[in-house]
Amino acid sequence: MRCPSCDHPEDRVIDSRPLESSSVIRRRRLCVYCGKRFTTYERVESTPLMVIKSDNRREPFNRAKMREGVQRACEKRPISPASVEKLISEVEYDLQDFVLEVPSSDIGDRLLKKLLDLDPVAYVRFASVYRQFKDLDDFYHELTKVKRKSEARKV
Ligand SMILES: [Zn+2]
């Protein structure tokens with residue numbers, strides 16, 4: 001596991017405990033180089049979480065695929081890889097509420113909520129792919145909503 005602050009490849013595990021569902025293990029790690037602490041979540045491979053797609057097909061949860069979608073939305077935005085990783089880990093952590101299956105719409109909504117806090121442009125990009133706006137009005141409506149929210153935050 002590379003340190004999210006300095007990218008050093010070595011760390012020391014300082015605490016390790018299973019979460020409630022016990023198929024996810026939370027580890028506190030300490031970078032041996034810069035001393036920064038960070039947390040990782042590991043899902044036990046024998047119990048893969050299944051994702052229910054919109055057409056009702058199931059496929060195993062794929063962290064890399066989720067990261068890919070988020071990274072694409074964050075392209076050329078002032079967002080560090082560590083923030084993307086943190087967002088992914090937080091959503092994955094939340095998914096432990098689901099033991100066997102989770103609707104893909106649920107994952108999408110969680111990612112959108114986090115992206116809105118992180119970067120309005122990344123949010124709209126992700127939403128445009130994920131929500132598949134019906135028409136320009138629909139898209140404009142979403143933009144206005146985001147604009148209002150990000151302005152409210154500045155005050
Ligand atoms: Zn470090």
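The model is a predicted one, so local features need a pLDDT of at least 70 and side-chain atom pairs count only at pLDDT 80 or more, while totals for chains, interfaces and linings use all residues. Residues are numbered from 1 along each chain as its sequence is written, and side-chain values use heavy atoms, with hydrogens and water left out.

Strands (DSSP E runs of at least two residues, numbered from the N terminus, just as helices are H or I runs of at least four) count as paired if DSSP finds at least two bridges between them. β2 and β3 run antiparallel to each other and share 7 bridges. Leu30 also has an opposite number in β3, namely Arg37. The hairpin of β2 and β3 has 5 residues between the strands, and there Gly35 takes a positive phi near 80°. On to the other pairing: β1 and β2 are antiparallel too, again over 7 bridges, and Ser16 meets its bridge partner, Arg27, in β2.

Put together, these strands make an open sheet of 3 strands in the order β1-β2-β3, paired antiparallel. β1 and β3 (37-43) sit at the edges with a single partner strand each, so one side of each is left without a neighbour in the sheet. On average, neighbouring strands here are turned by 25° against each other, ignoring direction.

Next comes the metal. Four cysteines hold the zinc ion through their SG atoms: Cys3, Cys6, Cys31 and Cys34, at 2.2 to 2.4 Å. Donors here are N, O and S atoms within 2.8 Å of the metal (3.2 Å for Na, K and Ca). The angles between the 4 donor atoms come out at 106 to 114°, which makes the arrangement tetrahedral, a label given to four donors if all angles lie between 85 and 135 degrees. Along the sequence, the spacing of the donor residues reads C-x2-C-x24-C-x2-C. Distant parts of the chain get linked this way: Cys6 lies in the segment before β1 (11-18), Cys31 lies in strand β2 (residues 24-31), and the two are 25 residues apart. With 30% relative accessibility, Cys6 counts as partly exposed, whereas Cys31 is buried at 2% relative accessible area. (Buried means under 20%, exposed over 50%, partly exposed in between, using a 1.4 Å probe and protein chains only.)

A second open sheet also has 3 strands, ordered β5-β4-β6, but with mixed pairing. β5 (58-60) and β6 (101-103) are the edge strands, each with a single partner, so one side of each lacks a neighbour in the sheet. Neighbouring strands of this sheet are turned by 30° on average, direction ignored. Strand β4 (residues 50-52) pairs with β6 in the parallel sense over 3 bridges, and Val51 stands opposite Val102 in β6.

Finally, the axes of helix α1 (residues 63-74) and helix α2 (residues 81-94) come within 10 Å and cross at roughly 135°. Axes are lines fitted to C-alpha atoms, for helices over the stretch in contact, with angles from 0 to 180 degrees between N-to-C directions. α1 and α2 are therefore oblique to each other (under 35 degrees is roughly parallel, over 145 roughly antiparallel, 65 to 115 roughly perpendicular, the rest oblique).

Key
Tetrahedral: all angles 85-135°; square planar, octahedral: opposite > 155°, others 65-115°.
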